[in-house]
Each structure stands twice: as structure tokens, then as C-alpha cells.
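Reader: Could you take me through this structure, please?

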Amino acid sequence: MKQYIGVEIGGTKQQIASFDEEGKLLTLISEKIPLPNGAEDIRNWMKINLPKLMTADTVGIGVGFGGIVDSRIGLSYGSIHVPGWEDFPLKEWFEENFGLPTTVVNDTVCGGYAEVLFGTGRGIDYFFYTNIGTGCGGALFIKGKNYDGWGTGGAYMGQMFIPSWDGSTDVVRMETICAGSFWEKRLRTPGYIPEDSLLYRMLNGNTAAVRCPDVCQAAREGDAFALAEIDRWARRYATAVANFITCFALQRVSIGGGVANNGDILFDPIRKYAEEFAFISVKDHYDIVRCETMDNAVLIGAAMYARDGFTTI
């Protein structure tokens, strides 16, 4: 049986995995690595680890790239989070180094494709997938095919402008408020977490180590600061979600990424504000769900694009 390798090039962790023709996971290698040299460190890690997954049955590689990519020619234009990917020939590099035909697609689109095939997007004609992790991506699927614009992607929800965090009249890119990496950076600002909060006590005062799951756990235990923080965060995130639901008359929004693993403590306020902000034409015609393929979504989708080819609307 033919095998395919899925690659996830991210800003936090690097993952590679082998799959059979039906999308069954065979072997996974996942690691967070230091990136003092940016993209070069990721490429060196790939050179060491990807051959471990190659067998006589391996016939293709699919790459989910965390940044802007022209999938027609396999060229990355750059990453928001990792330097060194500017105008880099990803497809050519993988094919030269590993000798296998390679398909290169944006990582969020790969995650969405995994959901279309095996998760919450099955049977949904107007489907949107987004993730909350190091960044916030977006992928629009109409009857199973991705909307890729003129070739370098579309539906980049994380790059939409929304009201700023500080309550001023400024607008900022949603990702810079809502992505896990930016959220944690804000939480780690000295004095941001009040000393009388449960969250502060949970951290023993070491707020420099706070992570999103800590805020969510404190909220579950009734901490007023954590609950208010999540509500404020969800209102901003839901602004972008509601705009997409309204503009594209979506049937379903599926949310993945590491932060989404925290479950309904985040999803409930997202749903509340999305329903408040969505236009009347779409109310009661959509739902917002947690994705099913979760941490393996990008890998699965990348491998299946290697199998199927990347076809768009």
C-alpha cells in the first residue's frame, strides 16, 4: 500500500508523520526545537528526521507551511513568526533533498482539508476552518475545495483588523490579540495579572511562566480576573469569526490549534459573541465547533494533499 509523508512547518513545533492511503497514521515525529537561525534550523531538522519515515512504499510528501505560500509553484513568500522563509523554493528543496514529489500548501488549509475528509467538515458545503495557536489562520472550503484566491491563499482571518485591546479607537490585526503566542506575551507583562487573583496564586507569583491553559483552568475555578480576560479575548476573536460567517454564509466554523484544546471555557463565549455580531441573514444557520483531528490536522491534510493534489475553486 502506498504511503505519504505529511510535514508541518510551524512557529512553535515541527512535525512529520507517515500515513497510508486511507489517512491512517503510521509514524509520528514531533519536536519543539530552538530556532536561533530561523528557517535554517527547521530545514536541518527535516534533513535528519524525515528520512526516518521513508520506506519503499513512500510515494509523496505534503508540506503544511505556516506562512504565505504560492502552492502553484511551491514557493514560500515568508513566515510571520520564523525568519528565513522569504522567497524560498520549498517544493524544489524537498524534492531535491528527499527525491519525492512534493505538494506545498498553507498549514491552516491542510488542517481544514483534514476536517473536510475526516472531521467536522464532512458533508458541509460551506465550511470554514481556523486555528488558535502560535498564529491564527483561516481556510474557506466550498463543496470540499479550498478558496485560494489568485494563488497565494485567501480567508486569512488572523490578518483581519478588529478593535484594539486597549479600548482605543485603533484597529489591530486579530492575530496580534488572539493567537496563543501573543496572548501569553500580554499576560506575562509585569503587573498585568493582579496579585489578588487565583491565577496569580496558582503561578506562585511567577507570571512570566503563564500559559493559556493556566488562564482557562483559573477561569474554570471561578477566578474573576481569568473569566474577564477570556470574555474580553473571546469578544475580539468572535468579531472576526462573525464577519466571516456573515460574508460567506457559512454553515460551520471549525476551530483547531493548541489553544482550542481548552474546550468550552473558550468556545462558549466565542459562540455567544459570534451570535451577537453575526448578521440576521445567517443567524440559526451555522454552528461553531471544535475540530476533530486536532493536533494531527495539518499532518493529515498535508499527506492527503500529496495523495489527491491541491485543487481549488
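Author: In helix H2 (residues 90–98), Leu90, Trp93, Phe94 and Phe98 are buried, where buried means under 20% relative accessible area with a 1.4 Å probe, protein chains only. Helices (H or I, at least four residues) and strands (E, at least two) are DSSP runs, numbered from the N terminus. The model is predicted, so local features need pLDDT of at least 70 and side-chain atom pairs pLDDT 80 or more, while totals for chains, interfaces and linings use all residues. Residues are numbered from 1 along each chain as its sequence is written, and side-chain values use heavy atoms, without hydrogens and water.

Reader: Why do the buried residues of H2 line one face of the helix?

Author: Viewed down the axis of H2, they fall within an arc of 95°, so they line one face. The arc is taken from the directions from the helix axis to the C-beta atoms.

Reader: What do the buried residues of H2 pack against?

Author: Their partners include S1, helix H1 (39–49) and strand S4 (58–65); contact means heavy atoms within 4.5 Å.

Reader: And which residue follows H2?

Author: Gly99 does, with a positive phi near 65°.

Reader: Turning to the sheet, in what order do the three strands lie?

Author: The order is S5-S6-S7, in an open sheet with antiparallel pairing. Strands pair if DSSP finds at least two bridges between them. The edge strands, S5 (68–70) and S7, each pair on one side only.

Reader: How many bridges join S5 and S6?

Author: Three bridges, in the antiparallel sense. Ser76 in S6 is the bridge partner of Val69.

Methods: Buried < 20%, exposed > 50% of the residue type's maximum accessible area, 1.4 Å probe, protein only.
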